[in-house]
Structures are given as C-alpha cells and as structure tokens.
Amino acid sequence: MTQLRSDLALISEWIQPKSHVLDLGCGDGVLLKHLRDTRQVTGYGLEINETHIENCIASGVNVIHFDLDDLNKGLCDFLHSSFDYVVMTQALQTIRRPDLLLLEMLRVGGQGIVTFPNFGHWTCRVSLGLRGIMPISPSLPDEWYDTENIHLCTIRDFERLCDDLGIEITRRAVVDPDHRTRLLMHIAPNIFGEIAIYQIQKGD
Amino acid sequence: MPDTIPPDSVGIVTPQTHHFNEPLKLTSQRTLPHYDIIYETYGELNADHSNAILICHALSGDHHAAGYHSMDEKKPGWWDNCIGPGKPIDTSRFFVVSLNNLGGCKGSTGPVSINPETNKPYGPDFPMITVEDWVNSQARLADVLGIKQWAAVIGGSLGGMQALQWAIGYPDRLRHCIVIASAPKLSAQNIAFNEIARQAIMSDPTFYDGHYYEHDTVPKQGLMLARMLGHVTYLSDDSMKSKFGRELREGEIKFGFDVEFQVESYLRYQGEAFVNRFDANTYLLMTRALDYFDPASQHNGKLADALSLVKAKFLVMSFTSDWRFSPERSEEIVKALIDSRKSVSYVKIKANHGHDAFLMPIPHYDKVFSAYMQRIEI
C-alpha cells in the first residue's frame, strides 16, 4: 500500500470501523479507499475535478460530482444526521463560505473532521512579517494569484470561529507534512504547527 | 459503408429471434399469448455466465447497438461508440446482449406484427406496454440465454429507466446498474412534448385510428413532425447554434416558406429518414411507456423507498446541456440511493450536445465509463 498523506493517516485512526462517511472534496478517493480496505467504512466522496472523479471511479470509490461552493444548495441533498462522520481535508480554505459549510457538515453528520494548513505557522509569519510577501511552502505551494486557497486561516482563527458558531472541538492534532508532532507544536501550535486537524461536533 | 471493419468494432453481426410460447401478463392486465424478441449479442459468454451485460435501448433505438449487419451498411449500430473491443463496454471481456423491446418495429412483436386472432397487424390493438413489462420480458430472454445474473444492466434515457427498473424488480439478477441521461419519472414538460408528438401522429389524415397498414399507407407527415419536435429537444441551443447558426441554404432569403435555413433542411431530412425506418404506432407506445414510468408512485412518491431493496451498485451519469433529461433529474435518483445508503457514483459530464450527448464520443464520459466497467468483476 502506498504511503497515506500524513493528515489522512491520522484521520483514519479517528474513525470508528464500519462507519458511514462523507468526504467533502475527496480528491482521488485515497482516504475512502483506505477506510474501506482497512475499516469496512462505507460512504461517498464529493468531488468536482474531472481527473479526481475518474481516479475515484478507477479505485472503486463511490464519488458524487458536487460543487461544494454551490451553497445555495449547501449539503441540502443530504438528510439530517445521515453520516457518522463528515470529513473535509485541506479544502476548508478553498470554500467561499467555510462557516456555513461547517454548520452543514454537522447537520448531516454526527462528527466533523477538518484539516487545513495553518497560516499562523512561523514560516508564514516570517514571509509575511519580514519579507512582506505571501508565503509559499510545501503545504501552500501556489502563488497568491493562482491559488485555490481563498480563505486561509490560523489555528486561533479556526478555534474562534468554532466558538462563535457554537461548535465543540473534541480533538485536535497539529502535525508537520511528514505526520510528525514535535515538542514545539505542543507548546505553541499556532506558531509551529503546519497542518491542523480537528474533530468537531455540535455544542450543547 | 466500411471498406474494412475497424479493429475496435464488433464486426459483422447477425440478429437472432427467440419465440416465446409462454404468455406474458402485462401491467395493463392484458396478456400477450406469445411473442418474438429479436436480439444481438457481442463477445463471448464465459463458462460461469458471469460476464453478461444487458443494453436497454431508448425511444427510437433497437437491438442493433454495435457493429454492422453487412459491408453495405452505411452506419454501425446506434451505440457503436461505447460497445466493442477496448471500448467502455469492452466486448473482449463482456458478453453483451441488446434486444428490440416488445412493441418495437424492428423484429420483436409489436403493432406491425400479425395479431393471431385477426390475422391482421395488431395496429392500435397492440396492448400498452410499460417499462416493467419490458424488464419482465428481458428477464425471460435472460433465462433463455442462461444468464442468472447480469454483470451490469446499462441504458440511456428510456433505457436508463429500464436499468433502474431492473434493479428494483430483480434485485438479485444484476450486480451493477448504469443509468445514463435518465430520470426516475417524466416531468410535466416531458409528458407535454410526448403529447404533442402523439397528437401530430394521430391527427394525420392517413393515421386511420392506427389502422393505416390496411390502407397501405403511413401517417408520414405526423410521424415526421413528431420526430422533428423530438430532435429539437434532444439537441441544445448551443449545439444547434454551432451546427447550423442562421446559415441559409442558398445564401439569401427568398421571402417564402420553403426550406431556407440549414436547420430546417436538417430537421426535415431527419424527419423523413425516420418515417422510412420507424412505425407510428410504436412511437405512440414508446412515448406512453415513458410517461407512465414512476416507480416511486407505489411508495407514496418516495423514490428512496422504491429503491430500498436494490442490491446493484450504481453509476449514474448526466450531461450539463441536456434539458430533456436534465442533470437535476439524474440527481433525484442519486439522492434516493444515497438516502438509502446504496452504492452509487454520480458524474455530471460537461457536454454541449444536449440529450444526444450520451451517444457521443466525449473523453471524460469515455474515461469514467471505461474505468467503471473495468472494475466490474466477472
């Protein structure tokens, strides 16, 4: 089996076997395929990119052509609480209204799992604060003008948003692109964490 | 006509006819005492009969889906783009069965066939056939061919409705269901188009209430009009614009009502060609079968309930510019399948050909279709 992307490997461990999962922006379906093969997980990936869709089909992953930005529809196609988990990896920052989508995720699923690149990472701060230019890094590889990332946020931004929306954070992990959590990330995650992974649910 | 048969063609094919002596009880409560079904097959049935694919045809289709009947045939079967060695429905792997539905006019028993009770063509007395009846008759053909379970049942448009009905009516007899440019039921707009087509045929003075065979004529004008109307709804505004624009046949306007615009010439040609190959009573029957199809109606309008017992895995495909069977209609099927936690993939393919896109060679369509078919275990 090929190496899973670091955040995906961690997420898989958070998902209970035999769950029903919706993966928003599922790419080539790597996570769902892994979950299917190792944890008997069922579910669907939503994707808009043609090549990704073709690759999902070729791996036997159920994929639904869907535009996550079509928020007039939201996820209204999906029934309330119809999934155990709704997962969105590295797509939050590409969505026009991430706040509304987070609420939709928790409408259709019991648990939400979200990952995003932390814009508060020290390299981003150096790039912006000292050099005065938008950062480019392995987790943010594109120039500002041709990036899909239109709503980058920091770990602190995300947690403030959850607080505002009444969303409860039940689990958090901060890793580097190689899936490692180092001591400094524990001490100051918003400075040393490159990728943030959250498990969320509706607050009381 | 092909000078040589292309390597990715199934080649020269010969239809076969099976005569069924066992009466077929129809949804309308009438019974067909005995009947013929004409069909073609492509590829080889494997030893454990697990590689069989059923193709269901649309309104004006028939059993001739791929290959050529002879070296003199101008065009191959209607879905030759998708059926053949190395094509999405790969005949080097699958055994493909394609039939002409009951009520058709290409060799299966239909209005043009002789009614044994009168020794005259059935004409308008041919019983109304529904999608369910077609699927039941197809199941009998499967029995004859020794196919207990199809690897997949595949259809576009009205053919997609048959595939869907297979999954509902015979959940154990197919592993995959591929529904293309279809809908779980017709909309009022769709029924309206069918009604205009039927009125065009029935109001033709040579229709004779459907008994035109006895008068040695056909309702040519009516059937032509019906086809012209249908054809407009199968294309998109964009495809008509790029195909014809406002181009004039002779470069200038003539201040009359003869054919002046290219699009008029095209429609008339399509209409006339259709009259020569299709029967008006069959057209009435097929459009009615379309109108009636509504599997959710037996479940308080809840499609998810109608689909609750299906076991097949689904691939649903739609095309962006198709307004006769729009993507939203396919998405109704997808939503119902997701709500009942069935296995389904859905792909909306960018295409400007309108409803006809499902017959066209479109790279993304081809790739998705091929990738799905290659995953099917045999």
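**Group meeting: a two-chain predicted model**

B:T287 counts as buried, at 1% relative accessibility, and the terms I use are buried for under 20% relative accessible area, exposed for over 50%, and partly exposed for anything in between, with a 1.4 Å probe and protein chains only. The C-alpha atoms of B:T287 and B:T109 are separated by 17 Å, and the two residues are 178 apart along the chain.

Before going further, a word on conventions. This is a predicted model, in which local features need pLDDT of at least 70 and side-chain atom pairs count only at pLDDT 80 or more, whereas totals for chains, interfaces and linings use all residues. Residues are numbered from 1 along each chain as its sequence is written, chains are lettered from A and ligands numbered from 1 in the order in which they are written, and side-chain values use heavy atoms, with hydrogens and water left out.

Now to chain B as a whole. Its secondary structure comes to ten helices and 14 strands, and its C-alpha trace spans about 65 × 50 × 50 Å along the principal axes. A compact globule of 378 residues would have a radius of gyration near 21 Å, and the 20 Å of chain B agrees with that; the radius is taken over C-alpha atoms, and the globule rule is 2.2 Å times the number of residues to the power 0.38. Of these 378 residues, 56% count as buried, and among contacts between residues at least 6 apart in sequence, 72% join residues at least 24 apart. The accessible surface of chain B comes to about 16,100 Å², of which 51% belongs to carbon and sulfur atoms, the areas being from the Shrake-Rupley method with a 1.4 Å probe, where for residues only the protein chains shown count as cover.

As for charge, chain B has 36 positive and 44 negative side chains, with the centres of the two sets 6 Å apart. Lys and Arg count as positive and Asp and Glu as negative, while His and the chain ends are not counted; each charge is placed at NZ of Lys, CZ of Arg, CG of Asp or CD of Glu.

Which cysteines of chain B might one ask about? Taking a disulfide as a pair of cysteine sulfur atoms within 2.5 Å, the count over all chains is zero. The sulfur of B:C56 has its closest cysteine sulfur in B:C177, at 8.5 Å, which is too far for a bond, and B:C56 is buried with a relative accessible area of 1%. For B:C105, the closest cysteine sulfur is that of B:C56, at 17 Å, again too far for a bond, and B:C105 is also buried, with a relative accessible area of 18%.

Two backbone details deserve mention. Most residues other than glycine have a negative phi. Yet phi of B:H49 is near 55°, a positive value; this residue sits in the loop between strand 4 (35-42) and strand 5 (52-56) of chain B and is partly exposed, with a relative accessible area of 31%. B:N300, which is not a glycine, likewise has a positive phi of about 55°; its place is in the loop between helix 7 (280-292) and helix 8 (303-306) of chain B, and at 74% relative accessibility it counts as exposed.

Turning to chain A, its secondary structure comes to eight helices and seven strands, and its C-alpha atoms fill a box of roughly 45 × 40 × 35 Å along the principal axes. With 204 residues, a compact globule would have a radius of gyration near 17 Å, and the 16 Å of chain A agrees. Of those residues, 51% count as buried.

I will finish with helix 1 of chain A, residues 6-14, which is mostly covered, eight of its nine residues being buried. The buried residues include A:L8, A:L10, A:I11 and A:W14. What do the buried residues of this helix pack against? Their partners in chain A are helix 2 (30-39), strand 4 (83-89), strand 5 (109-117), strand 6 (167-175) and strand 7 (195-202).

Technical notes: Helices (H or I, at least four residues) and strands (E, at least two) are DSSP runs, numbered from the N terminus. Contact means heavy atoms within 4.5 Å.
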